[in-house]
Amino acid sequence: MVHVLRHGEVHNPARILYGRIAGYKLSTLGEQMAEVAAQSLEGRDVTYVVASPLERAQQTAEPFGKLFATQVAVDDDLIESENFFEGKVVSVGDGALRDPRNWWRLRDPFTPSWGEPYRMIAKRMFTALHAARVKAQGHEAVCVSHQLPIWTLRRYAEGKRLWHDPRRRQCALASLTSFHFEGSKLVGVGYDEPAAALIAQSATAAQAKGA
């Protein structure tokens, strides 16, 4: 089994879309989310932990590395998706989305036109998923990534269309999307929100889309 974990809450007082920008780390609450998520797998047979190279993912992986006494590996395929609006405020009704100069970037929601193509995200995430499965052969693995890549991977694995309504993603902060394998064959996908109580305390959860 491979558990794909979204990182915890990030300290982002300006509420920008931080994407791949360096320096964005977990908030205090986000660190607690990572701890709770790790504790939810206590007793499981996890032998491999790997994370996106971005700080927030690395921090989220730390409690897993400690719990399972393993060094956290890095896989660039788990990184956040590229986005034209990175570094900008993109909340509905204000920020960059109100600027007519940016509307051309919103012309195609199916590829999408504003960022990394969904098919490219799916391909690299599927590669990372199977790489982790192989590394943990006969055991379990944990991969720490980001909301859009995880949700795209799940839709791809379940044979669904990749374009979607971002408001309907089932991929909360510090959530676990678990891929069940029989040998190399994917046989099921599960989902759990071990940090749900902490998410309820988060003042920024509503702005965490695409993080």
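Predicted model: local features only at pLDDT ≥ 70, side-chain atom pairs only at ≥ 80, totals over all residues.
A salt bridge here is a side-chain nitrogen of Lys or Arg within 4 Å of a carboxyl oxygen of Asp or Glu.

**View 1. Glu116 and Arg20 pair up across the chain.** The two side chains meet in a salt bridge, at 3.6 Å from N to O. This pair ties together distant parts of the chain: Glu116 sits in the loop between E3 and H3, Arg20 in the loop between E1 and H1, and 96 residues separate them. Is Glu116 buried or exposed? Glu116 is buried, with a relative accessible area of 7%. Arg20, on the other hand, is partly exposed at 26%.

**View 2. Glu158 has two salt-bridge partners to look at, Arg154 and Lys160.** With Arg154, the N to O distance is 3.4 Å. With Lys160, the closest N and O atoms are 3.3 Å apart. Elsewhere, salt bridges that share partners join Arg20, Glu82, Glu116 and Arg124 into one network. Back at this site, Glu158 is partly exposed, with a relative accessible area of 31%, and Lys160 is also partly exposed, at 44%. Arg154 counts as buried, since its relative accessible area is 12% and the cut-off for buried is under 20%. The structure holds eight salt bridges.

**View 3. Helix H4 is tucked inside.** Nine of the 11 residues of H4 are buried, so this helix is largely enclosed by the rest of the structure. Which residues of H4 are the buried ones? They are Gln147, Leu148, Pro149, Ile150, Trp151, Thr152, Leu153, Arg154 and Arg155. The cover over them includes E1, H3, strand E4 (140-145), E5 and strand E6 (185-192). After H4 comes Gly159, with a positive phi near 75°.

**View 4. Phe64 and the residues packed against it.** Phe64 belongs to helix H2, residues 55-67. Its relative accessible area is 0%, so Phe64 is buried. What does Phe64 touch, leaving aside residues up to four places away in sequence? Its contacts are Leu5, Ala34, Ala37, Ala38, Leu41, Val49 and Val142. For a sense of scale, Phe64 and Lys123 are 59 residues apart in sequence and 26 Å apart in space, C-alpha to C-alpha.

View 5. Most residues other than glycine have a negative phi. Arg15 is not a glycine, yet its phi is positive, at about 55°. You'll find Arg15 in the loop between strand E1 (2-6) and helix H1 (28-39). Ala174, not a glycine either, also has a positive phi of about 55°, and its place is the loop between helix H4 (147-157) and strand E5 (176-182).

**View 6. A cis peptide bond joins Thr111 and Pro112.** Most peptide bonds are trans. For this one, omega is about 0°. Where does Pro112 sit? Pro112 is in the loop between strand E3 (72-74) and helix H3 (118-135).

View 7. The protein chain has five helices and six strands, and along the sequence they follow the pattern β-α-β-α-β-α-β-α-β-β-α. Its C-alpha trace spans about 55 × 35 × 25 Å along the principal axes. With 211 residues, a compact globule would have a radius of gyration near 17 Å, and the chain has 17 Å, which agrees. Of the 211 residues, 46% count as buried. Among contacts with a separation of 6 or more, 68% are between residues 24 or more positions apart.

**View 8. The surface and the charges.** The accessible surface of the protein chain comes to about 10400 Å², and 51% of this belongs to carbon and sulfur atoms. How many positive and negative side chains are there? The chain has 26 positive and 23 negative ones, and the centres of the two sets lie 7 Å apart.

Notes
Residues numbered from 1 in each chain as written. Heavy atoms only, no water. Helix = DSSP H or I, 4+ residues; strand = E, 2+ residues; numbered from the N terminus. Rg over C-alpha atoms; globule rule 2.2 N^0.38 Å. Buried < 20%, exposed > 50% of the residue type's maximum accessible area, 1.4 Å probe, protein only. Contact = heavy atoms within 4.5 Å. Areas by Shrake-Rupley, 256 points an atom, 1.4 Å probe, with all protein chains shown as cover. Lys, Arg positive; Asp, Glu negative; His and termini not counted. Charge placed at Lys NZ, Arg CZ, Asp CG, Glu CD.
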